[in-house]
Amino acid sequence: MVIHGFQKLTLLDYPGKVACTLFSGGCNFRCPFCQNGNLVQHPEWEPVIPEEEIFAVLEKRCGVLDGVCVTGGEPTLDPDLERFVTKIKELGYLVKLDTNGYRPEILKKLVEEKKIDYVAMDIKNARPGTARRRA
């Protein structure tokens with residue numbers, strides 16, 4: 001899997017867990033408020049972190065970290081996502097996936113096969129005319 005960012009410790013990204021966060025590149029949405037604009041629009045501008053480096057850190061931090069957050073960009077666009085999270089699970093970590101929800105078939109498969117433990121879908125807007133108005 002192509003990873004462009006690696007936060008080795010987070011107390012915020014996985015509720016109630018000590019975790020690390022991995023950032024994939026690219027997204028099929030172009031939300032103007034995205035906090036990861038370069039990852040979405042120009043992932044080629046960001047460095048690629050070798051998988052070996054990521055898994056070396058994960059192996060070293062077994063027993064210290066509870067989980068791994070995989071976010072982006074949009075991680076479900078990477079065809080290697082399933083293999084990647086399987087490898088993380090084999091180390092004994094919980095896996096949280098942050099997604100825009102555009103590929104529900106990928107989510108369904110990963111959840112059914114117990115390859116991910118937590119899904120976060122951040123819906124920041126609704127189609128015009130679908131939001132309720134308050135008086």
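Where is the place of I49? In this predicted model, I49 sits in the loop between helix 1 (37-41) and helix 2. The report returns to this residue after the overall layout.

## Overall layout

The protein chain holds four helices and five strands. Read from the N terminus, the elements follow the pattern β-β-α-α-β-α-β-α-β. The chain has 135 residues, and 39% of them are buried.

Take the contacts between residues at least 6 apart in sequence. Of these, 61% join residues at least 24 apart.

Strands of a sheet pair through backbone hydrogen bonds, in a parallel or antiparallel sense. Strand 1 (residues 3-10) pairs with strand 2 over five bridges, in the antiparallel sense. Here F6 stands opposite L22 of strand 2. Strand 2 also pairs with strand 3 (residues 67-71), in the parallel sense and over five bridges. In that pairing, T21 has C69 of strand 3 as its bridge partner. Strand 3 and strand 4 (residues 94-99) run parallel and are joined by four bridges. V68 stands opposite V95 in strand 4.

## Strand 2, covered on both faces

How many residues of strand 2 are buried? Six of the six residues in strand 2 (residues 19-24) are buried, so the strand is largely enclosed by the rest of the structure.

In a regular strand, side chains alternate between the two faces of the sheet. Both faces of strand 2 are covered. On one side, A19, T21 and F23 are buried.

## Helix against helix

Helix 2 (residues 51-60) meets helix 3 (residues 81-90), with axes that come within 11 Å and cross at roughly 25°. An angle under 35 degrees counts as roughly parallel, so helix 2 is roughly parallel to helix 3. Their crossing is right-handed. Helix 2 brings E51, F55 and L58 to the contact, while helix 3 brings R83, F84, K87 and I88. By class, this contact of helix 2 with helix 3 has four nonpolar, no polar and three charged residues.

Helix 3 also packs with helix 4, at an angle of about 25° and with axes 11 Å apart. That makes helix 3 roughly parallel to helix 4. The crossing of helix 3 and helix 4 is right-handed. L81, E82 and V85 in helix 3 meet I106, K109 and L110 in helix 4. The contact of helix 3 with helix 4 divides into four nonpolar, no polar and two charged residues.

Is I49 buried or exposed? I49 has a relative accessible area of 16%. The cut-off for buried is under 20%, so I49 is buried. Leaving aside neighbours within four places in sequence, I49 is in contact with I3, H4, G5, F6 and I54. I49 and V2 are 47 residues apart along the chain, yet their C-alpha atoms are separated by 7.5 Å.

I116 lies in the loop between helix 4 (104-112) and strand 5. Its relative accessible area is 6%, and I116 is buried. Which residues is I116 in contact with, leaving aside its neighbours within four places in sequence? They are V95, L97, L107, L110 and V111. I116 and C69 are 47 residues apart in sequence and 9.8 Å apart in space, C-alpha to C-alpha.

Key:
Residues are numbered from 1 along each chain as its sequence is written. This is a predicted model: local features need pLDDT of at least 70, side-chain atom pairs count only at pLDDT 80 or more; totals for chains, interfaces and linings use all residues. Side-chain values use heavy atoms; hydrogens and water are left out. Axes are lines fitted to C-alpha atoms, for helices over the stretch in contact, and angles run from 0 to 180 degrees between N-to-C directions. Helices (H or I, at least four residues) and strands (E, at least two) are DSSP runs, numbered from the N terminus. Angles under 35 degrees count as roughly parallel, over 145 as roughly antiparallel, 65 to 115 as roughly perpendicular and the rest as oblique. A crossing is left-handed if the near helix is turned anticlockwise from the far one by less than a right angle, and right-handed if clockwise. Contact means heavy atoms within 4.5 Å. Ala, Val, Leu, Ile, Met, Phe, Trp, Tyr, Cys and Pro count as nonpolar, Asp, Glu, Lys and Arg as charged, and the others, Gly among them, as polar. Buried means under 20% relative accessible area, exposed over 50%, partly exposed in between (1.4 Å probe, protein chains only). Two strands pair if DSSP finds at least two bridges between them.
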